[in-house]
Amino acid sequence: MWWCSKGLRCLALLGLVILVGCQGVVEQEATSPVVLPTSVPVIPPPIPSLPTATPPPAEDVTISVVLTPTLTQTLSTPPALPADFCAYWRGVTEPFDFFSEQMGEEVRYLVHLPPCYAQYPQRAYPVLYLLHGWPLDEYHWESLGVTEMMDDWISRGLVGPFIIVMPGVNSEGKYVHSSGGPGSFEAMLVQELLPRVESDYRVWAEPQGRAIGGISRGGVWALAIGMRYPELFMTVGGHSPALSVNNPHPSFDPYRLAASGLPGQRVYLDAGNVDWARGGTLQLYEILVAADADVTFELHAGDHVDALWQRGLPDYLRYYTSIWPASVAQLPTPATPESSQGLLETP
């Protein structure tokens, strides 16, 4: 132990031995696996207890109940409806037929009643007689839209209510092959159809309450009948009247009848700008103007076809209805119509 005799040297050597021994222990612990417990219990922290709330001291409370009265709705009396109020938008078309003793053939006719006709039994209605063109029938005017337009205008208050009558006859019978007087279409209308309509319906049986108009061949008839019977018809219309191909007896010729000026009557004439009936219509218009008659002429665009008269419908209805009452309230009251028998004139 000579080398331990040296104090400092021995001490240094001893320290070195201790350091090496400790390092071996540390390395062994570091390389050894750490074994953890398989289950670690989780213990929740204790829930602190909440202090018990101390209720406030009781107080004397007075509860006042205020009852709100129930609101009662007072319904006011609805305003009275106007006298001419109508709940319907469309009128009614009724078909009829009878055997004409004057013509010796079956006659068919349509009667178109305005909206709410049945609701006003104390009113008498104006009547518009519309005659068809050849070789058509009583549905000609309806196919043009006259009843639909009439209902629409009446329901919107544009015109007052009125009745339309549309007769139809054999296209090869006396509608074409006669010109008036006994045994003709004129005789049938004046002696048979008009009294029949006026006995079945509430009509304004005065000249100002009747109008008659027609298309083409029907236009000639309307002019001749209307001009010959001013005591029946105040308003007369000829729409493209076939005057240029008409060959009547002079007593039934509209040109001759117009020369009187037709006092107290109104006449409406129209034709198309390329209508073959235009020349004859203008000639009649000039005669009426020269006789100082109350006559209106309008030129529409078109030929002698349905499209022409469809375009003219608004003008026709405005003219026919312009002197008639504008509402139900203004219509006259019904009167017992006088028979038209005996009114037919002979040449």
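Author: The accessible surface of the protein comes to about 19500 Å², and 59% of that belongs to carbon and sulfur atoms; accessible areas come from the Shrake-Rupley method with a 1.4 Å probe, and for residues only the protein chains shown count as cover. This is a predicted model, in which local features need pLDDT of at least 70 and side-chain atom pairs count only at pLDDT 80 or more, while totals for chains, interfaces and linings use all residues. Residues are numbered from 1 along each chain as its sequence is written, and side-chain values use heavy atoms, with hydrogens and water left out.

The protein has eight helices and eight strands (DSSP runs numbered from the N terminus: helices are H or I with at least four residues, strands are E with at least two). Of its 347 residues, 43% are buried, meaning under 20% relative accessible area with a 1.4 Å probe, protein chains only.

Two strands pair if DSSP finds at least two bridges between them. Strand β2 (residues 105-113) runs antiparallel to β4, and five bridges join them. In that pairing, Tyr 109 stands opposite Pro 167. Strand β3 (residues 127-131) pairs with β4 in the parallel sense over three bridges. Here Leu 128 stands opposite Ile 164.

Terms used
Buried < 20%, exposed > 50% of the residue type's maximum accessible area, 1.4 Å probe, protein only.
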